[in-house]
Amino acid sequence: MSAAGPPRGANGASNGGSAAADAASSQIPNAGDDRSFMAYALALAERGLYTTTPNPRVGCVIVSERRIVGEGWHARAGDAHAEQAALTDARDKGNDVRGATMYVTLEPCNRHGRTPPCVDAVIRAGIGRVVAAMRDPNPVQGNGAARLRDAGILVDVGLLEHEATELNVGFVSRMTRGLPWVRSKIAASFDGRTALANGDSRWITGADARADGHAWRARACAIVTGVGTVLRDDPALTVRDVATPRQPLRVVVDRDADTPVGARVLADGNAVVATAGPRNDRWPAAVETLALPNAEGRVDLSALLRELAQRGVNEVHVEAGAKLNGALMRAGLVDELVVYLAPAVIGDPARGMFESPEPLGSLAARVNLDWTSVDRIGADLRIVARVRKLAASTVAHG
């Protein structure tokens with residue numbers, strides 16, 4: 001599975017975490033090659049798609065004499081890391097791992113956090129070789145491979161690195177850029193209209209597309225919307241069509257603190273409102289506010305994303321109107337688009353996807369995309385695309 005989308009069932013519709021589990025159980029390799037075992041470790045890692053935040057999604061397979069003797073994955077922060085889970089699985093099965101090869105989707109950690117360093121457990125177990133898909137981008141956790149080599153263990157890094165990176169695109173973004181991976185989800189007609197001129201948008205796309213959108217919500221750490229969407233639609237912004245034990249943090253961009261006291265997005269306190277000025281004193285005490293004004297008196301979106309990253313937010317899922325989507329795009333803060341297109345034409349006047357305060361002066365100023373995937377979801381199309389970025393450092397520093 002890549003960052004191109006949530007786990008998918010045989011019919012092409014997302015069906016939550018069970019798809020990843022089913023995929024893992026059906027992909028146990030028969031051949032004894034490195035690629036097959038690493039692919040299986042990646043399938044195991046997918047089981048933590050909705051639960052590991054703020055940690056990365058990691059899977060591990062231990063192989064001895066071309067046979068899997070232990071397997072595991074990281075389920076949630078505070079639980080055993082994938083390597084320890086696989087070693088425990090092997091021990092519980094009575095399997096000897098001395099001299100075995102460990103396939104793990106991320107370089108074993110070399111630091112004591114909520115759990116002890118994985119490298120210590122690997123060394124104690126007598127593992128003979130470690131194959132890691134990618135290096136740990138966390139500078140604090142790094143050098144696990146060097147520590148293993150110093151202990152006499154053979155280490156190879158880079159097998160299926162792209163697939164492992166895609167599975168943890170948000171974690172990598174937070175570690176390397178200081179920003180979460182920002183994914184905007186948009187539902188539109190075939191001609192790119194997201195609502196009628198009066199704001200009515202329920203429903204442009206079908207039930208299957210809306211359910212698929214919940215799977216994208218479920219993998220995110222935070223869902224961001226604008227006050228205009230709250231005032232118009234009063235969304236709850238919770239995950240409902242996917243089985244998940246965790247609800248993402250809900251974030252409202254609200255310059256003037258206009259979000260109603262009874263708004264559903266504030267209902268259980270798992271919400272943050274970003275303003276450009278004082279807090280609305282009528283809001284429930286459980287609702288957190290962040291005053292992040294920029295020089296123009298608007299909410300500083302770059303500062304907001306940096307704050308979310310500091311809180312361990314790996315992936316941000318944006319469900320907003322054209323105004324906020326446009327502001328994020330103009331600021332260079334959108335990484336990926338998930339667009340559902342309905343087989344219908346609305347025409348003008350109607351609302352588009354990205355609002356701009358003034359027209360572009362030339363086509364050279366347009367935002368270019370790279371297509372990732374096109375899938376049919378029920379009666380609609382789902383198009384996933386990534387924003388081309390020429391200077392990541394400019395984006396990272398707002």
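## Labels and the values behind them

The crossing of H3 and H4 is left-handed. This is a predicted model.

Q: Which residues make the contact of H3 and H4?
A: From H3 come Glu 83, Gln 84 and Leu 87. From H4 come Cys 118, Ala 121, Val 122 and Ala 125. By class, the contact has 5 nonpolar, 1 polar and 1 charged residues.

Q: Why is H3 called roughly parallel to H4?
A: The axes of H3 and H4 (residues 118–125) cross at roughly 30 degrees and come within 9 Å. Angles under 35 degrees count as roughly parallel. Therefore H3 is roughly parallel to H4.

Q: Why is Ala 82 called buried?
A: Buried means under 20% relative accessible area. Ala 82 has a relative accessible area of 0%, so Ala 82 is buried.

Q: Where is Ala 82 found, and what does Ala 82 touch?
A: Ala 82 is found in helix H3. Leaving aside residues up to four places away in sequence, Ala 82 touches Val 58, Gly 59, Cys 60, Gly 72, Trp 73 and His 74. The C-alpha atoms of Ala 82 and Glu 71 are separated by 8.0 Å, and the two residues are 11 residues apart along the chain.

Q: What is the order of the strands in the open sheet of 5 strands?
A: The order is S2-S1-S3-S4-S5, with mixed pairing.

Q: What makes S2 and S5 edge strands?
A: S2 (67–73) and S5 (154–157) each have a single partner strand, so one side of each is left without a neighbour in the sheet. Neighbouring strands of this sheet are turned by 15 degrees against each other on average, direction ignored.

Q: How do you know that S4 and S5 pair?
A: Two strands pair if DSSP finds at least two bridges between them. Here 4 bridges join S4 (residues 129–132) to S5, and the strands run parallel. Arg 129 stands opposite Leu 154 in S5.

Q: What makes H3 a helix that packs on the sheet?
A: H3 (residues 82–92) touches strand S1 (59–64), S2 and strand S3 (101–104). The direction of H3 makes about 135 degrees with that of S2.

Q: Why is S13 called largely enclosed by the rest of the structure?
A: Of the 7 residues of S13 (residues 336–342), 7 are buried, so S13 is largely enclosed by the rest of the structure. Both faces are covered. Glu 336, Val 338, Tyr 340 and Ala 342 are buried on one side, and Leu 337, Val 339 and Leu 341 on the other.

Q: How many bridges join S13 to S6 and to S16?
A: 7 bridges join S6 (residues 181–189) to S13, and these strands run parallel. Ala 188 has Leu 341 as its bridge partner in S13. 6 bridges join S13 to S16 (residues 380–387), and these run antiparallel. Glu 336 stands opposite Arg 386 in S16.

Q: Which residues of H11 are buried, and what follows H11?
A: In H11 (residues 322–330), the residues Ala 322, Leu 324, Asn 325, Gly 326, Leu 328 and Met 329 are buried. H11 is followed by Gly 332, whose phi is positive, near 70 degrees.

Q: What are the totals for the chain?
A: The chain has 12 helices and 16 strands. Buried residues make up 53% of its 398 residues. Among contacts with a separation of 6 or more, 67% are between residues 24 or more positions apart.

Conventions
Residues are numbered from 1 along each chain as its sequence is written. This is a predicted model: local features need pLDDT of at least 70, side-chain atom pairs count only at pLDDT 80 or more; totals for chains, interfaces and linings use all residues. Side-chain values use heavy atoms; hydrogens and water are left out. Helices (H or I, at least four residues) and strands (E, at least two) are DSSP runs, numbered from the N terminus. Axes are lines fitted to C-alpha atoms, for helices over the stretch in contact, and angles run from 0 to 180 degrees between N-to-C directions. Contact means heavy atoms within 4.5 Å. Angles under 35 degrees count as roughly parallel, over 145 as roughly antiparallel, 65 to 115 as roughly perpendicular and the rest as oblique. A crossing is left-handed if the near helix is turned anticlockwise from the far one by less than a right angle, and right-handed if clockwise. Ala, Val, Leu, Ile, Met, Phe, Trp, Tyr, Cys and Pro count as nonpolar, Asp, Glu, Lys and Arg as charged, and the others, Gly among them, as polar. Buried means under 20% relative accessible area, exposed over 50%, partly exposed in between (1.4 Å probe, protein chains only).
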